[in-house]
Amino acid sequence: MPHSTLMKMVVASEREQLPVAAARAGDADAWAALLARFRLPLYAYVFELVHHEQAALDIVQESFINAARHIGTLRDDDKFASWLFNIAHQKCIQHWRRVRPQEIAIDPQDEDLPDFEPGPRDLLIRKEQEAEFMRLLDQLAVAHRAVLLLYFVEDFSLEEIARITGAQLGTVKSRLHYARKAFKKLFEENES
Amino acid sequence: MKTPREIILGRHRSAETKLGAIGPDKLAAIARESAHAGENFSTRIGSVFDGFWRECILPWRRAWAGLAAVWIAIFALHLAARESLRPTGGELAATKNPQVLSALREQKQLLAQLLGPTASAAAATPKNSGPRSEQRRELFIIM
């Protein structure tokens, strides 16, 4: 591989090292790196919300196209991930409006709740519990599922999740709390 | 043991081939195009202003300068006229003087006394009370 090509290669393993500036300038390698980094997590997030393969594929594609079109308006490059997920989230809402409008407004009461203590990487699930974990995830209300997916898949902070979903910080906390309660039993079994 | 992330992503690994349809070249082209469009917009505004300056202002710069001078003179005159209409400091002090105020009040009372009967008489006199030749006329001479 020539030296110049090697130099041009962009590594997008860490969120801080995302080649957003190069992508803004229209660099294909930068876009390849961003696609490699976010394509699957974004698809997983969207699919788990809409539960429709073709719709999820379309939403992911449209989200990336929208991101490419409007990347010039993104002021803080560090927020690319949450910005991209926000685009996808908005597209999911549009999809629900068309398909299942009754699923949009699910908002439990805001409460003063403690932070979600264990990090998403600290939770370990045994192989035999994986199916149960996914079943529990599917059973959650859409709003709770969205918060939990963003937390598990991308390790977004509460503020970032609030920005992506357009919810209040307290609401995000509340949703995480309820989702956590739903998983508590599974995790307790895991620990024992 | 797996993290929730690994489980969730693992469930969708099979979709990666389908997701490959989104090409980085296409996205890069879109980003370049929109960046170019943004630049074009700003340069278009710049060129419109530049054209206006070169075609409308520069050839007639003396006329524009003359017009501007006239407007400045008009504005200055307007300001000066406003200044002259304002009461001076001496005039303001005089109105606050109690002696001047009492003299003014006296003059006002005198004027009211002189004009008062005429006004009340005019109001009391009924209209069309008879032929004009028979109407009594009162004449006050103010010395």
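Reader: Why is E62(A) called partly exposed?

Author: This is a predicted model, and its values are computed. E62(A) has a relative accessible area of 39%.

Reader: What makes the pair K91(A) and E62(A) a salt bridge?

Author: The closest N and O atoms of K91(A) and E62(A) are 3.9 Å apart. The rule asks for a Lys or Arg side-chain nitrogen within 4 Å of a carboxyl oxygen of Asp or Glu, and therefore the pair counts as a salt bridge. K91(A) lies in helix α5 (residues 80–99) and E62(A) in helix α4 (residues 53–70), both of chain A, so the pair ties together parts 29 residues apart in sequence.

Reader: Is K91(A) to be called buried or exposed?

Author: K91(A) has a relative accessibility of 13%. Buried means under 20%, so K91(A) counts as buried.

Reader: How do you know that E154(A) and R37(A) meet in a salt bridge?

Author: The N to O distance between their side chains is 2.8 Å. Because the limit is 4 Å, the pair qualifies as a salt bridge. E154(A) belongs to helix α7 (residues 142–154) and R37(A) to helix α3 (residues 28–50) of chain A, 117 residues apart.

Reader: Why are E154(A) and R37(A) called buried?

Author: E154(A) is at 1% relative accessibility, and R37(A) has a relative accessible area of 17%. The cut-off is under 20%, so E154(A) counts as buried, and so does R37(A). Moreover, R37(A), E154(A) and R5(B) are linked in a network of salt bridges.

Reader: Why is it said that the pair D138(A) and R11(B) joins two chains?

Author: The closest N and O atoms of D138(A) and R11(B) are 3.3 Å apart, and the two form a salt bridge. D138(A) lies in helix α6 (residues 130–139) of chain A and R11(B) in helix α1 (residues 4–11) of chain B, so the pair joins two chains. D138(A) is at 27% relative accessibility and counts as partly exposed; R11(B), at 37%, is also partly exposed.

Reader: What makes D27(A) a buried residue?

Author: D27(A) has a relative accessible area of 18%. The cut-off is under 20%, so D27(A) is buried. D27(A) is found in the loop between α2 (20–24) and α3 of chain A, and its side chain reaches the backbone nitrogen of D29(A) at 2.8 Å.

Terms used: Residues are numbered from 1 along each chain as its sequence is written. Chains are lettered from A and ligands numbered from 1 in the order in which they are written. This is a predicted model: local features need pLDDT of at least 70, side-chain atom pairs count only at pLDDT 80 or more; totals for chains, interfaces and linings use all residues. Side-chain values use heavy atoms; hydrogens and water are left out. Helices (H or I, at least four residues) and strands (E, at least two) are DSSP runs, numbered from the N terminus. Buried means under 20% relative accessible area, exposed over 50%, partly exposed in between (1.4 Å probe, protein chains only). A polar contact is a pair of N or O atoms within 3.5 Å; within protein, one must be able to donate a hydrogen and the other to accept it, and residues adjacent in sequence count only if both atoms are side-chain atoms.
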